[in-house]
Amino acid sequence: MTGSSLLGLIIAVALTTSIPMYTDGSMQRFVNKELEAQSEGLPAGSMVLRYQRMGSEKAELDKFNAMRKYVAEEVTMQAGFPNETLYETMGLRNERITPVDPDAVDPSRRREMGVGVASEVEKQIEIVQGRMYSDKAPNGVIEAIVPEDALHIKNFSVGTQFRYPVQGKKPLVIEVVGAYQVKNPDDTFWFQGTDRLNNQFLVSETVFLDEILQKQEVPLGEASWYLKYNLGEMKTKQIAQTAKWLKGLDYQLNQVLPYTKVEISFYDTLEYFRVQNQQMKTLLFTLVAPILVLVFYYVSMNSRQALERQQQDIATLRSRGGSTKQIFWLYLLEGIILGLVALFVGGILGFIMAKSIGSSSGFLEFVSRKTIPIEVSLTAILYGLAAVLFAVLASVIPAIQYAKQSIVNHKQEMARKSKKPFWYRFGFDFILLGVAGYGWYLFKQRELTLVQTGLTADQLQVHPLTFFVPALSLFAVGLLFLRLFPFLLKSLLFLSKKYAPTSVYLGMTQLARSARQYHPIMLLLVLTLGLGVYNSSAARTIDMNSNDRLWYQNGADVVLQAIWEGHADQEALQKELEKQQGGNNNSGGSRAPGGRPGSMPGQGGIDYSRIPIRYVEPPFEIYRNMEGVEEATRVYKDEVTLSVAKRSLGKGNMMAIDNDSFYKVAQFRDGLNPATSDKYLNGLGVYAQGVIISDKFAKENGIEPGHQVNLIIQQQPVEFVVVATVPYWPTLNPNDKPFFITNLSYIHEELPMRPYEVWFKMQDGGSVRDLVYGLADKGIYLSKVVDTRTDQIIQNKHPSRGGVYGILSLGFLISILISLLGYVLFWFFSLRARTLQFGVLRAIGLTRRQLTTTLMVEQLLTAGLSIFLGIVAGRVASYAFLPFLQSAEGSATQVPPFRVVFEQGDLTNMFVVVLIMMAIGVGLLVMRMRSLRIHQAVKLGEER
């Protein structure tokens, strides 16, 4: 029993430590993946600090130098992870410059230039004329370089000297000694862009600081610092701390140098990561909370069983002088020892669990993939300590009550066994049922809010109790069952009193008189099996509905859109020109503004929207013959207007297909429509002008198969006959617009050819990359590529998705393990404790077979009913609460419709465990009966 309690403690520690270890590791990998995906603008981790002179305010030189030192020594280190780059720029305001020698350049030309410094600029440029500036200012002349383009734009040459005006002081004399070109304009060194370089003299940093700012006391105009941090080296625990630092950095900078601020930072990136991390931790801890409660209940049950067996020993110690404090410390010391062992072993197991969660690709599916960077952090250790403390207190606190009893109190307590338990007297089962019902009501209201407002769940707060409330409902159902169990037994006794065999009646009588001692194992079985069913169904439901949405949205394995060559229909264009010319003659030469015909239809211009484009269709057989392709089909989509009996019924989405090949390629979810897809497609095969319309739209407008309808396609009416109505069709959402499915060949007979999508069914291992490059080699280039298989892999690799699958898988396995262990241990110790009773029954004439039958009746009425109730309650909870998961992933009106999934294999596994449990129970009974010796069992005194 001590070993089983230790096992429960180890599982509790492993579960609690695995969550922070997994979230930290998965977020680390998630951050790295997100950073790799960012390819636009400045690199992730970039930060720009900027000082801008305001009005007549001047930056004090000592404060500016303090800012430079603060940036170099403090800002680069305060983030907590490596700073890779620091670029500094300084400059004076742009002013109108004048040439020193008016004969050298045109003095009437207006030129505005600033004076600036860029640290280490010599590595980023190439001198193409003249030379590099020097670090000295001979005779007060400041040497500068400019871009080669500036020489042409500003109309001066290398060697020209200019006067740069300084208010209240003599002007600076600047000589252009060289011209340069930028080596790589896209380098982050030019974080402010290269356009401004044409309006700036670049000078030596030494000259700028010593000669211009210090000696001549010219006020600084602006300064910028670019820093790039390696976010890949950032630990998850640093995200919140660094985000807080960035948020308060403006204040710190202004304390050092007024008018300095953070112009660009990675605060939003960190905040995004922080929110993702917090949401994932909340979700996973919400998932694991019911399992933890179950484990703690298991530990508490074992501890109470042990205390009840030792209660007489405790009472004897109290009666012989032992103090309550001594007995309490005895059990506390035992709890501490077990807790330390559990912390060590559970930490190792938690590390393994975190790795297993990271390798989860589905429910009970673990694949070999690149492991996430798991580390044993202080947070994980603290979580483990909290779990140990909670479990130890749950097992030690009851010892205080027992330690206060003497042998007399113990005998009196044994006589009061019929006292109702605490939860029974205060109606905790009804209270918990009420809480669970209120939780269901809140989820329902939230779902209605999503439907009425059209918002997605991302725009509302995802409720963290989506998984916890169902567990609460299972616990309430278990308690309610325990309340009703005695009444069930009494009813069975009354009905079978005259007909039941002695052994059966004896078993029911035993249960009716001592039902309370079976409560722990019955509640444990209801919880474990109910949670097992719910967790397995939740995982399967999330996985199935996510994949359903993805495949419905895309329609096939691969979807491509080729770029078609096209040209205007010359005949139609000529007619429009003639019409335009005729209109001009009649209206006196009215033209569109600017003298160009065409932009104002109805005013003499050409209406180009009426000019059809003649497209050149790529040979379709090329697609079918590509390597890795099993089948391909054409799918043309367009927005159309439906009219019936010359009455417009609004716009909708049309899909024109080749029905024979579409059947082989498109993905249809089983049971999505009343009939199989081939039934509908056969209708299109029979009638060339047939159309399938959305069922919802047909019912709203009274349209039935056989009715004639007109679709306005490309501004031309086309007649169709309705051959079927269907609720759903791949890629088409009936809640958005009505849809119409037609034959592509019929559309091409009536209208000019237009670009269509090509849908593919790929062979196993068929590569989209090879397909795209192969088509390019044949001169077919693409504007759209969708690979559903890759999207599905990316979807399943998201840290939150993998964490959910991993936790639910582990929860399912732990539930089964605990139910098995709890059941076996309970019956093992229950049989040992009733040795005297069995001996008496055997002594008064019961045979071994009758006694075994009596105990099997007890098992059937306790474990059997609990197992049945747990499985039924789990399924009911799944149907009641799992539909609210659609609110966590999208609108309640999602397409295709949400469905709760039960995998037969999961239930089979559970039934196998149940059979093993029952077999072990029966085996224990048989062994106990065979080993029972009446003369050993029946003895004077009390049973031990």
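Student: How many aromatic pairs are there?

Tutor: In this predicted model, the count comes to 21 aromatic pairs.

Student: What makes F156 and F162 an edge-to-face pair?

Tutor: Their ring centres are 5.0 Å apart, with 75 degrees between the planes. Rings pair if their centres lie within 6.5 Å, and planes over 60 degrees apart count as edge-to-face.

Student: Why is F162 called buried?

Tutor: The relative accessibility of F162 is 1%, and buried means under 20%. F162 therefore counts as buried. F156 has a relative accessible area of 7%, so F156 is buried too.

Student: Why is the pair of F662 and W729 called stacked?

Tutor: The planes of the two rings stand at 5 degrees, and the centres are 5.8 Å apart. Planes under 30 degrees apart count as stacked, so this pair is stacked.

Student: What makes this a link between distant parts of the chain?

Tutor: F662 belongs to helix α18 (residues 659-665), while W729 is in the loop between β22 (716-726) and β23 (739-743); they are 67 residues apart. F662 is buried, with a relative accessible area of 0%, and W729 is buried, with a value of 0%.

Student: How do you know that the charged end of R875 sits over the ring of F902?

Tutor: That charged end is 4.1 Å from the centre of the F902 ring. The rule asks for a distance within 6 Å and a position within 35 degrees of the ring normal. R875 is listed as sitting over the ring of F902. R634 likewise sits over the ring of Y756, 5.6 Å from its centre.

Student: How do you know that the buried residues of α6 line one face of the helix?

Tutor: The buried residues of α6 (residues 249-256) are L249, L253 and V256. Seen down the helix axis, they fall within an arc of 60 degrees, so they line one face. An α-helix has 3.6 residues a turn, so residues three or four places apart point the same way. Y251 and Q255 are exposed, on the face turned away from the buried side. Elements covering the buried residues include β1, α2, α5 (238-247) and β12 (260-264).

Student: Is R53 buried or exposed, and how do you know?

Tutor: R53 has a relative accessible area of 13%, and buried means under 20%, so R53 is buried. R53 lies in the loop between β1 (46-52) and α2 (61-78). Leaving aside neighbours within four places in sequence, R53 is in contact with K58, R93, P219, L220 and G221.

How values were computed
Residues are numbered from 1 along each chain as its sequence is written. This is a predicted model: local features need pLDDT of at least 70, side-chain atom pairs count only at pLDDT 80 or more; totals for chains, interfaces and linings use all residues. Side-chain values use heavy atoms; hydrogens and water are left out. Helices (H or I, at least four residues) and strands (E, at least two) are DSSP runs, numbered from the N terminus. Buried means under 20% relative accessible area, exposed over 50%, partly exposed in between (1.4 Å probe, protein chains only). Contact means heavy atoms within 4.5 Å. The arc is that of the directions from the helix axis to the C-beta atoms. Rings of Phe, Tyr and Trp (its six-membered ring) pair if their centres lie within 6.5 Å; planes under 30 degrees apart count as stacked, over 60 as edge-to-face and the rest as tilted.
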